[in-house]
Amino acid sequence: HKLSVAPEMDIMEYCRKEWRGNTPVAKKMRKGYEAVAQKFQSIRRVRGDNYCALRATLFQALSQATQLPSWLHSEDFTMLSENLLSKYDWIKQWQLKEKLGRKMGKISDEIKEYLILLRKKWKNISEIKGPVEKQEACDKLFENEEEEYSLYEALKFLMLNTAIKLYNDDKNGMRVPVFSWLLFARDTSSNPCQLMHNHLNHIGHSGGLEQVEMFLLAYTLQYTIQVYRLYKYSTDEFITLYPNDPEEDWPVVTLITEDDRHYNIPVRMCQETML
């Protein structure tokens, strides 16, 4: 039974296993892991497919969720797919995950199902009081492939919704975060339709999240994603925040990456850093 998020392991033990040699890269990685180990005791490996940025972020968010985020409360949340499809015909080309052995329903119904599941799971897990029970519920969710991948589809669709909003705000002369310009400055995503075709449709299939899409994910969840980027050790970018000017009331999740492609999660904050 393949666990999407492996059990925890001591960070330095993990580092010694992975980075044995004396190459400059291995030395830098060890230094990076030592710095992370000042704050966290353990690491959990995240399954390395093209969903891993979504998986690591969602797993961390749910692990520490104590309430439903405001955007999951809204009345029209579950109507999102219908509302967007009624305005933008091109969303019909949204790439849904492969469903084995059953006919595809209407695309808006499929997505609605995923959104309802996301809200339900988030609500259930956030209501669990004990940290051990909460962790068990998260582990269980991330062992259920069908549900797990449905949640990523919901997140991707919410990212599209956020991108459409930002694009329209910018066109209407409203202030948008800097990453939004960068998102739409790419040749491959000069508008939301291209973003969907060339990027979001490929996440989980043939590609993961690029840097600028990490900003979009953070903005969509209204979470600050703090990433230890180990290959950037001893530079200003060693700890990167998405977005880099987060709202003060956004919760923070922490990830670790060695290469900006694969993400693992640090767990168990050291006592002194919690105070």
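**Exercise 1. Describe the setting of Lys-112: in which helix does Lys-112 lie, and is Lys-112 buried or exposed, or in between?**

Step 1. Lys-112 lies in helix α6. Helices (H or I, at least four residues) and strands (E, at least two) are DSSP runs, numbered from the N terminus. The model is predicted: local features need pLDDT of at least 70, side-chain atom pairs count only at pLDDT 80 or more, and totals for chains, interfaces and linings use all residues. Residues are numbered from 1 along each chain as its sequence is written, and side-chain values use heavy atoms, with hydrogens and water left out.

Step 2. With a relative accessible area of 24%, Lys-112 is partly exposed. Buried means under 20% relative accessible area, exposed over 50%, and partly exposed in between (1.4 Å probe, protein chains only).

Step 3. Leaving aside neighbours within four places in sequence, Lys-112 is in contact (heavy atoms within 4.5 Å) with Thr-78, Met-79, Ser-81 and Glu-82. The C-alpha atoms of Lys-112 and Ala-154 are separated by 8.3 Å, although these residues stand 42 residues apart along the chain.

**Exercise 2. Determine how α3 and helix α6 pack, and which residues meet.**

Step 1. The angle between α3 and α6 (residues 107-126) is about 40 degrees, and their axes are 9 Å apart. Axes are lines fitted to C-alpha atoms, for helices over the stretch in contact, and angles run from 0 to 180 degrees between N-to-C directions.

Step 2. The two helices α3 and α6 are therefore oblique to each other. Angles under 35 degrees count as roughly parallel, over 145 as roughly antiparallel, 65 to 115 as roughly perpendicular and the rest as oblique.

Step 3. From α3, Leu-58, Ala-61 and Leu-62 meet Leu-118, Trp-122 and Ile-125 of α6. The contact residues divide into six nonpolar, no polar and no charged. Ala, Val, Leu, Ile, Met, Phe, Trp, Tyr, Cys and Pro count as nonpolar, Asp, Glu, Lys and Arg as charged, and the others, Gly among them, as polar.

**Exercise 3. Locate the residues annotated "active site" and examine Asp-49.**

Step 1. In the unreviewed UniProt entry, the annotation "active site" covers Asp-49, Cys-52 and His-262. UniProt positions are given in the numbering used here, feature names are shortened, and annotations may be inferred rather than shown by experiment.

Step 2. These residues are spread over 214 residues of sequence, yet they cluster in space, the largest C-alpha distance being 8.3 Å.

Step 3. Asp-49 lies in the loop between β2 (40-44) and α3 (52-63). A relative accessibility of 24% makes Asp-49 count as partly exposed. Not counting residues up to four places away in sequence, Asp-49 touches Arg-55 and Tyr-149.

**Exercise 4. Examine the backbone at Gln-222, Asp-260 and Pro-243.**

Step 1. Most residues other than glycine have a negative phi, and most peptide bonds are trans.

Step 2. Gln-222, which is not a glycine, has a positive phi of about 55 degrees. Gln-222 is found in the loop between α11 (211-221) and β3 (224-229) and, at 31% relative accessibility, counts as partly exposed.

Step 3. Asp-260 has a positive phi of about 65 degrees and is not a glycine either. Asp-260 is found in the loop between β5 and β6 (263-269), and is buried, with a relative accessible area of 13%.

Step 4. The peptide bond from Tyr-242 to Pro-243 is cis, with omega near -10 degrees. Pro-243 lies in the loop between β4 (239-242) and β5 (252-257).
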